[in-house]
Amino acid sequence: MNTPKSNRLIDFSNVEGDIRGGVVSFLVAVPLCLGIALASGAPLFAGIIAGIVGGLVVGIFSRSALSISGPEAGLIVVVLGAIETLGSFPTFLLATCLAGIIQIGLGYARAGIVSNFFPSSVIKGMLAGIGVILIIKQIPHLVGYDADSAEGFSLFQPGGFNIIEQFKMALGQLNAVAIIISVASLAILLLWERPFFRQHAFLKNIPAALIVVILGILINSAVNLINPALALQGGHLVQLPVPDSAAAFLDLFTFPDFSQWNNPQVYTAAVSIALVASLEALLAVEATDQLDPYKRKTPSNAELKAQGVGNIVSGLIGGIPLTSVIVRSSVSINAGARTKLAALIHGTLLLVCVITLPVVLNMIPWASLASILLITGYKLTRISIFKQLYSEGFIKFLPFVATIVAILLTDLLTGIAIGMVVGLFFILRENYLNGHQTHTYVDQGIKRIRISLGDYVSFLSKASIVKLLKDVPDNCILEIDGTNSSYIDSDVVQTILNFEETARLRNIRLIFLRGPEEHKTQVEPSGPAPSPVEAQLKAVS
């Protein structure tokens, strides 16, 4: 199969896989859109609107081949705080529209370049951390405890209700029907990974998640017929608003309060939403690109513009802010998606089904969806990923592990920030230890030490150069060769020049060849007479 062309609006080169990806991500998106809206203090339908806009509008404008956008748990705190501060949801929608405008401005200002500064080890750590959390947080759902439907990326929530307490509550409220559905669902998902199913002409085109959802509905319906008291109901199932008329459906939409355009708090909220949503989007598309089997690169500035358009539209029709969502994207990729057609299918299914099939969607057990997310989490955090990073050395492995641990103990953005700090530490350490090459030899009975500077000698190299100069023995010739350096920071140059007096006192002849060619400088304190080799170096410089 040829590599799909991600710059096309629709690419039918992998239509079966894209349909599977769109269907599976749609099934996962429905309850998560509702849960995130609920946790954000917004109307439930606002989450569905954001999911539809993320699939269709962002799907059209984005140049990412595989990213799927929608409401994301990382925005919950920002949205909840903004709604409380602004006092009304319509005023908040105005802030969402303005946030979209700011994101478009960031795209034109080429702010997307920040995505180039995220080390791959931190991005992989983010994916693995999300995978671990997905696995852990699905366990209560698998046994029938469905209190935490938002699926926020935080195991230890500020309110004190954390995953450990959830486990305790779940063990005290085991539900036999949920457990049966979970076991059957996991069995199907694992069987669908076997060669027989993956290579079968017919079965390979059927999303395993769709079979899981249908089976979950059938099992629960059968139990309801036999003994209604045992069947899963209420919060154990998807809960989508069900309008009883066209007018009731239109009432689900809310429009911005444009009369608040002169409220300073609206602009403060807009900036907060824009910055968090943009950072989440850049991180998510970077991670999605790493999951892409074809390793295509999403233009980050174009993605910021697409996200901005999506948030403008979402705010105009009553949706909460959206961003690129790694969970939905990875579910889609795992199901076989290879082009943006999957995102468009995802958005279309959300739109059609909330209009025509809300009753059917509300029959889906959480246990079925939890099984899908658990397998997705496993694929994000395979042992082979840990082995690969470990084989690449501690400079890659430790930031990777630090990111995972920090995400588990804090939240997504804080965890990534901590991973970046650890990664930066190792970069500085590597620069300190290995930024320059030292070669010692004897010429005509005189010890000569040559320090060859690297290509780019920034102020970060100052500490290592100070140490090298301090360790130079007395009564020798010291050559500092910067002729191959494209840049030498003035602080480093001054440090070397300041060593001149120390060199005289220690009977060290200092030769400093500074690059590029037109900036070469030579410093020669008094000391031993120059050797023929030194004279030759002087002549060249």
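Predicted model: local features only at pLDDT ≥ 70, side-chain atom pairs only at ≥ 80, totals over all residues.

Next I looked up its partner: the K396 side chain forms a salt bridge with that of E392, at 3.5 Å from N to O. E392 has a relative accessible area of 35%, so E392 is partly exposed.

Then I asked how many salt bridges the structure holds. I found twelve.

One of them joins the side chains of E193 and K379, with 2.8 Å from N to O. Where do E193 and K379 lie? E193 sits in the loop between α7 (176–191) and α8 (195–199), while K379 belongs to helix α16 (residues 366–380), so this pair ties together parts that are 186 residues apart in sequence. E193 is partly exposed, at 34% relative accessibility. K379 has 13% relative accessibility; buried means under 20%, so K379 counts as buried.

My next stop was helix α20 (residues 462–471), which holds both D471 and K467. They are four residues apart, about one turn of the helix. Their side chains meet in a salt bridge of 3.1 Å, N to O. For K467 I noted a relative accessible area of 43%, which makes K467 partly exposed.

Last entry: which residues are linked in a network of salt bridges? I listed D443, R448, R450, E479 and D481.

Key: Residues numbered from 1 in each chain as written. Heavy atoms only, no water. Salt bridge = Lys/Arg side-chain N within 4 Å of Asp/Glu carboxyl O. Helix = DSSP H or I, 4+ residues; strand = E, 2+ residues; numbered from the N terminus. Buried < 20%, exposed > 50% of the residue type's maximum accessible area, 1.4 Å probe, protein only.
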